[in-house]
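Look at the sequence and the model together. The walk-through starts with a sheet and then moves to a pair of charged side chains.

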Amino acid sequence: MRRILPLMLTLAAIPALAQNPPFDSHEVNSNGTITFRYQNAAASKVTINTDAAFDPLVMLKDSSGLWTVTTKPLPAEYYSYTFVVDGVPQLDPMNGSVNPNLVNASNFVLVPGKPPAPWELTEVPHGNITRHMLTTYIARGLPMNQEPYFVYTPPNYDAKRKGGYPVLFLLHGWSDYANGWLDVGRANLILDSLISTGSVVPMIVVMPQGYGDYSFVTSSHTVWDDPAKVNNNLTLFSKMLMQEIIPTVERDYPIAAGRNNHAITGLSMGGLESLTIGINHAAYFAYVGGFSSAVKNLNFKQQMMDPGMARDLRVLWVACGTGDELIEPNRNFIGWAKAQQLPVVPIEMEGKHTWLVWRESLIRFTPQLFRGKK
């Protein structure tokens with residue numbers, strides 16, 4: 001009887017499994033479509049917010065309470081998504097791949113490329129990533145006044161390399177952590193791939209946490225409607241970068257001297273920061289970029305000094321998706337830059353305010369860096 005009882009329990013479980021068979025909540029199909037599934041018989045409406053589509057995807061429910069929708073065929077890419085169940089955002093309980101974020105976490109799914117895209121893990125030499133912390137006396141509200149930052153060193157890195165390495169300061173967007181460009185943007189894999197093909201010069205990449213005032217991100221998104229708070233965060237972060245982070249990095253890493261070896265770029269909030277810092281500190285930076293830059297409330301008179309040396313920038317690259325709400329502010333910034341006789345290169349591409357635009361921007365921006373004269 002002792003031997004029969006476990007068998008009886010196992011057989012009793014079979015009907016239950018048949019009623020609720022396992023399913024793939026984010027199935028990537030052979031034609032490049034993604035089929036999303038969500039189980040909730042009690043829900044009256046389920047949609048998906050995803051950068052795989054411009055508008056929310058409406059899911060349909062079957063008799064078992066399984067909600068399903070399939071996208072159109074998609075290019076190779078990492079796609080973020082969140083279920084919205086009766087108006088409430090929900091992570092996918094069956095997908096452990098999560099994009100970390102201080103405000104809105106999401107899941108992600110990879111549509112692989114053939115051959116693999118630059119952001120995919122491949123058999124090429126890889127660089128290293130090191131996490132650091134420094135004590136800041138400038139930024140406000142950081143836990144214990146500790147500023148985290150990450151440093152990417154390229155494959156075959158030589159800490160005693162004669163002349164050092166050029167450096168790119170790569171800034172994240174509002175609500176991201178300091179590692180946003182790594183965990184979500186896959187910047188390290190992109191650089192590994194581009195360096196392996198010779199498309200990009202081996203460089204050190206510094207990724208700091210971009211909040212001069214930490215309350216700027218712990219408050220709601222409405223902080224962006226207050227120009228004083230935007231300018232305060234921007235001013236404090238600019239000072240922290242130039243006065244604390246850069247001297248520390250130059251002490252600990254072999255950073256090549258001279259402005260022609262220094263670049264800065266970023267996305268959204270980080271784009272606002274990189275454009276402002278790069279132009280105001282053109283004596284240090286010769287390469288400046290901004291991706292979907294949050295320049296909507298930028299006070300040019302307050303935040304931008306006389307461009308001066310910025311008129312001699314080697315690259316001033318301003319990119320934005322045409323479906324982004326920030327496209328007009330970016331066009332206005334480009335108009336201002338042209339009026340100031342800055343060598344701005346405007347780039348518009350299909351897309352919204354998403355990582356699809358920002359990864360592509362990094363791929364197109366970095367090959368322009370540190371070429372030619374030193």
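Four strands make up an open sheet, in the order E1-E2-E6-E5, with antiparallel pairing. E1 (26-28) and E5 are the edge strands; each has a single partner strand, so one side of each has no neighbour in the sheet. Strands here are DSSP runs (E, at least two residues), as are helices (H or I, at least four residues), and both are numbered from the N terminus. Two strands count as paired if DSSP finds at least two bridges between them.

This is a predicted model: local features need pLDDT of at least 70, side-chain atom pairs count only at pLDDT 80 or more, and totals for chains, interfaces and linings use all residues. Residues are numbered from 1 along each chain as its sequence is written, and side-chain values use heavy atoms, with hydrogens and water left out.

Follow E6 (residues 66-70) next. Five bridges tie E6 to E2 (residues 34-39), and the two run antiparallel. Two bridges join E6 to E5 (residues 60-61), again antiparallel. Which residue of E6 is the bridge partner of Tyr 38? It is Trp 67. Lys 61 also stands opposite Trp 67. Leu 60 has Thr 68 as its bridge partner in E6. In a regular strand, side chains alternate between the two faces of the sheet. The hairpin of E5 and E6 has four residues between the strands, and Gly 65 there takes a positive phi near 90 degrees.

Now turn to Arg 359. This residue lies in helix H9 (residues 355-365). Is Arg 359 buried or exposed? Arg 359 is buried, because its relative accessible area is 1% and buried means under 20% (exposed is over 50%, partly exposed in between; 1.4 Å probe, protein chains only).

What lies by its side chain? The backbone oxygen of Val 184 is 2.8 Å from a polar atom of the Arg 359 side chain. The backbone oxygen of Tyr 78 is 3.4 Å from a polar atom of that side chain. Leaving out residues up to four places away in sequence, Arg 359 touches Glu 77, Tyr 78, Trp 119, Val 184, Gly 185, Arg 186 and Ile 190. Touching, or contact, means heavy atoms within 4.5 Å.

Glu 77 sits in strand E7 (residues 77-85). Glu 77 counts as buried too, at 5% relative accessibility. With the sequence exclusion of up to four places, its contacts are Val 109, Leu 110, Val 111, Trp 119, Leu 356 and Arg 359.

Definitions and conventions: A polar contact is a pair of N or O atoms within 3.5 Å; within protein, one must be able to donate a hydrogen and the other to accept it, and residues adjacent in sequence count only if both atoms are side-chain atoms.
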